[in-house]
Amino acid sequence: MSNCLFCRIVSGEIPSTKVYEDEICLAFRDIAPMAPTHVLVIPKEHISGVSAVTAENAAIAGHCIAVCAKVAELEGLENGFRVVSNCGDDAGQTVPHLHFHVLGGRKLSLEMA
Ligand code: AMP
């Protein structure tokens, strides 16, 4: 999707600070970090969000979750971390490409909404 911000990051057209990459997904630092560690894990294939995860692409989404754990390890988040995926307007999703926020590096608020 040529007009998708995260697809343009995957292609290298827009720069990012890469933390991890493999053939299925890319992890890079959020441009506006909300915690000492704030990394986004995204599939290279365009999937618009959690609501677009199906039986056909669930393995890709699952791989992204495994990479969230890998990122937490790489970032030294042995005390714990949070994984968040906003889906749709009410959740505040601003980029319509599936992504998982990996947040950590301090005690996180327990507020969920
Ligand atoms: P969400 O609001 O859940 O859709 O998350 C989108 C995230 O993308 C936000 O946390 C933004 O700060 C982040 N973001 C937007 N543009 C960039 C960019 N060029 N590089 C890295 N992160 C970005």
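Buried means under 20% relative accessible area, exposed means over 50%, and partly exposed lies in between (1.4 Å probe, protein chains only). Strands (E, at least two residues) and helices (H or I, at least four) are DSSP runs, numbered from the N terminus.

This is a predicted model, in which local features need pLDDT of at least 70, side-chain atom pairs count only at pLDDT 80 or more, and totals for chains, interfaces and linings use all residues. Residues are numbered from 1 along each chain as its sequence is written, and side-chain values use heavy atoms, leaving out hydrogens and water.

Start with strand E3, residues 37-43. Seven of its seven residues are buried, so E3 is largely enclosed by the rest of the structure. Thr37, Val39, Val41 and Pro43 point one way. His38, Leu40 and Ile42 point the other way. In a regular strand the side chains alternate between the two faces of the sheet.

Which strands pair with E3? Two strands pair if DSSP finds at least two bridges between them. The table lists the partners.

| Partner of E3 | Sense | Bridges |
|---|---|---|
| E2 (residues 25-29) | antiparallel | five |
| E5 (residues 100-104) | antiparallel | five |

Leucine 26 has isoleucine 42 of E3 as its bridge partner. Leucine 40 stands opposite histidine 101 in E5.

Now take histidine 38, which lies in E3. Its relative accessible area is 4%, so histidine 38 is buried. Its side chain makes a polar contact with the side chain of histidine 101 at 2.8 Å. A polar contact is a pair of N or O atoms within 3.5 Å; within protein, one must be able to donate a hydrogen and the other to accept it, and residues adjacent in sequence count only if both atoms are side-chain atoms.
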